[in-house]
Amino acid sequence: MTVRTRFAPSPTGYLHIGGVRTALFNWLLAKRHGGQFILRIDDTDQERHVEEAVAKIVDGFKWLDMLWDEGPEVGGPHQPYYQSQRQHLYREAVDKLVAAGKVYRDYSTDAEREADRDAAKKAKRAYRFRRVEHSDADLKRFEEEGRPYALRFQVPPGRTLVLNDLVKGEVSFDTDEIGDFVIVRPGGQPLYNFASAVDDVEMKITHVVRAEEHLSNTFPQLLIHEALGNTPPSFAHVPYVAEPGSHSKMSKRKTEEYEKRGILIFLHQYVERGYLPHALVNYLARLGWSFDDTQELFTRAELIEKFSLDRVNSSPASLDPDKLFWIEGHWMKEAPLAEKVQGAIPFLQAEGLVATPIPDDRRALLEAVILALGDRMKTFSDVVKLGRFFFEDEIRYDPAAVKKRLRKPDVPAMLRELDALLAETEPYDVATLEKAVHDFAEKTGRKMGDVVNPLRVATTGQGVGPGLYDCLFLVGRDRCRARIAGALATLDAEA
RNA sequence: GGCCCCGUCGUCUAGUGGUUAGGACACGUGCCUUUCACGCACGCAACACGGGUUCGACUCCCGUCGGGGUCACCA
């Protein structure tokens, strides 16, 4: 039997990082066994904006390079892959359940149920809906009145359901704890638990890997499968992702607070910051899963080869932005130059630092800059953060760096000497520049740090950056001298 | 509140009755070095608590505490 997994998001808003991890586990499991990963849109409840939301999801998976074998855009043997377009299948299943007497019409009103719920709460009891028996006369009257009804599943009492969850292990649940649940609303709309069970079987899903908040949903679904005479898929419930440094679950409601703390919880935020897709994949794979006691870094192929559900942890894992960043740094270091260039271009363009499309001379400069940046470039956006002075004439001076390196008694005089040095250095290349500056320090009896640091700040505006000689060379003689003059003017004005 | 899941360094984890409880991120110190980053070395740091079971418990059982889920005509 080939393994078939699915990710079934409801099309609302952006892809959450926890959802991405769940999808990744599904994708990895399918790839591991040479099976299929299906993307299904659970839009039973949504009406508008579905296309827009699906586009975000689809774009996200494309960015991650986690392609789906069946689903939106690609189709497949079980299409359509939108629940809103699969009504006939639910209808069929409902008819079967009605014929078998497994469901009944519930004529209760919102107010009645509300009252029962309140009473249960007051009595500190769990609320369970149970069938209310109506007389034949009442039933006849309701029907004649055309009174709306929901279809509820009649839960068999006194049974213990046992689930062998692939992550959680054996979990038992008493059917007395499950109220008769609605499978179809008065309007005819099927509800999630029901539609999902029907689709999983129809799409021949073998493994349902989903968030643990669905664990208790599994038992009603098991009941549905049984009533339909279907063999249920295997289940694996993965723990939630907690906030950094805590065991509290991440909440969509705290998005603003996370934003302030610099915690990124949506996939698009990582895209916008210039993260490497595979770094995120590697990190997320290790969040709640491990292969052995040492390996942290995995290539795509290794992940596929080594992933297994039985090494997924049953306890929650909290997001660690630092560790993600470390993994990001590792993979960026490994990335070929062409990939780095390609990834960096959009960030330069967004800042107006290079034209669209990028001219050849700028591309050549960008390549040189990326080489000079070396390991300092952790994310694609670092090209802008660390190297914007290469791309513009007017530079921004970091006040802290100016204060630390330029506002010193000897500096203006030294800068004038260095300007003269740059003017006559021939040829103007990295090796010659390096020798010239070294000789200068030695000849004038200055420490290298006292020469190099002010020169760096004067010509780049920054206290940190690539090697000084790379900077001097790539910025060019004229622009370096102009910047020194500018810095000197500012310093004089202050004095 | 009922029911269900979960509990090893700050964090991710290894561990399945006998280990100096291992690794990684972060952090600290040092080395390298013109800055930063990389790299290297060393260091700090954990079995939630209380009872059992056992010759012996991080490992098994019970309870407490803590975290999470669920109890929708949401997904």
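Student: How many bridges join S5 to strand S6, and how do the two strands run?

Tutor: In this predicted model, six bridges link S5 with strand S6, residues 169–174, and the two run antiparallel. They form a hairpin with three residues between them. For one facing pair, look at Asp 165, which stands opposite Gly 169 in S6.

Student: What is the order of the strands in the open sheet, and which strands stand at its edges?

Tutor: Three strands form that sheet in the order S3-S4-S7, with antiparallel pairing. Strand S3 (103–106) and strand S7 (182–184) are at the edges; each has a single partner strand, so one side of each lacks a neighbour in the sheet. On average, neighbouring strands here are turned by 45° against each other, ignoring direction. Between S3 and strand S4, residues 150–153, there are four bridges. Within that antiparallel pair, Tyr 104 stands opposite Arg 152 in S4.

Student: Let's turn to helices. What describes the packing of two helices?

Tutor: Two packed helices are described by the angle between their axes and the distance between those axes. Take helix H10 (residues 277–286) and helix H12 (residues 321–334): their axes come within 9 Å and cross at roughly 135°. That angle is why H10 counts as oblique to H12. The crossing of H10 past H12 is right-handed.

Student: Which residues of H10 and H12 meet?

Tutor: On the H10 side, they are His 278, Ala 279, Leu 280, Asn 282, Tyr 283 and Arg 286. Their counterparts in H12 are Lys 323, Leu 324, Ile 327, Glu 328 and Trp 331. Sorted by class, this contact of H10 with H12 has six nonpolar, two polar and three charged residues.

Student: At what angle do helix H17 and H19 pack?

Tutor: Helix H17, residues 411–424, packs with H19 at about 80°, and their axes are 10 Å apart. Because of that angle, H17 is roughly perpendicular to H19. From H17, the contact uses Val 411, Met 414, Leu 415 and Leu 418. H19 brings Asp 450, Val 451, Pro 454, Leu 455 and Ala 458. The residues of this contact between H17 and H19 divide into eight nonpolar, no polar and one charged.

Student: Where is Gly 461 found? Does it count as buried or exposed?

Tutor: Gly 461 lies in the loop between H19 and H20. Its relative accessibility is 0%, so Gly 461 counts as buried. Not counting residues up to four places away in sequence, Gly 461 touches Ile 395, Arg 396, Tyr 397, Asp 398 and Arg 456. Gly 461 and Glu 394 are 67 residues apart in sequence, yet 9.9 Å apart in space, C-alpha to C-alpha.

Student: And Gln 462: where is that residue, and is it buried or exposed?

Tutor: Gln 462 is in the loop between helix H19 (448–460) and helix H20 (468–475). Buried means under 20% relative accessible area, so Gln 462, at 15%, counts as buried. Leaving aside neighbours within four places in sequence, Gln 462 is in contact with Lys 385, Leu 386, Phe 389, Ala 401, Arg 456 and Val 457.

Conventions. Residues numbered from 1 in each chain as written. Chains lettered and ligands numbered in written order. Predicted model: local features only at pLDDT ≥ 70, side-chain atom pairs only at ≥ 80, totals over all residues. Heavy atoms only, no water. Pairing = 2+ DSSP bridges. Axes fitted to C-alpha atoms, helices over the stretch in contact; angles between N-to-C directions. Parallel < 35°, antiparallel > 145°, perpendicular 65-115°, else oblique. Left-handed = near helix turned anticlockwise from the far one by under 90°. Contact = heavy atoms within 4.5 Å. Nonpolar A, V, L, I, M, F, W, Y, C, P; charged D, E, K, R; others polar. Buried < 20%, exposed > 50% of the residue type's maximum accessible area, 1.4 Å probe, protein only.
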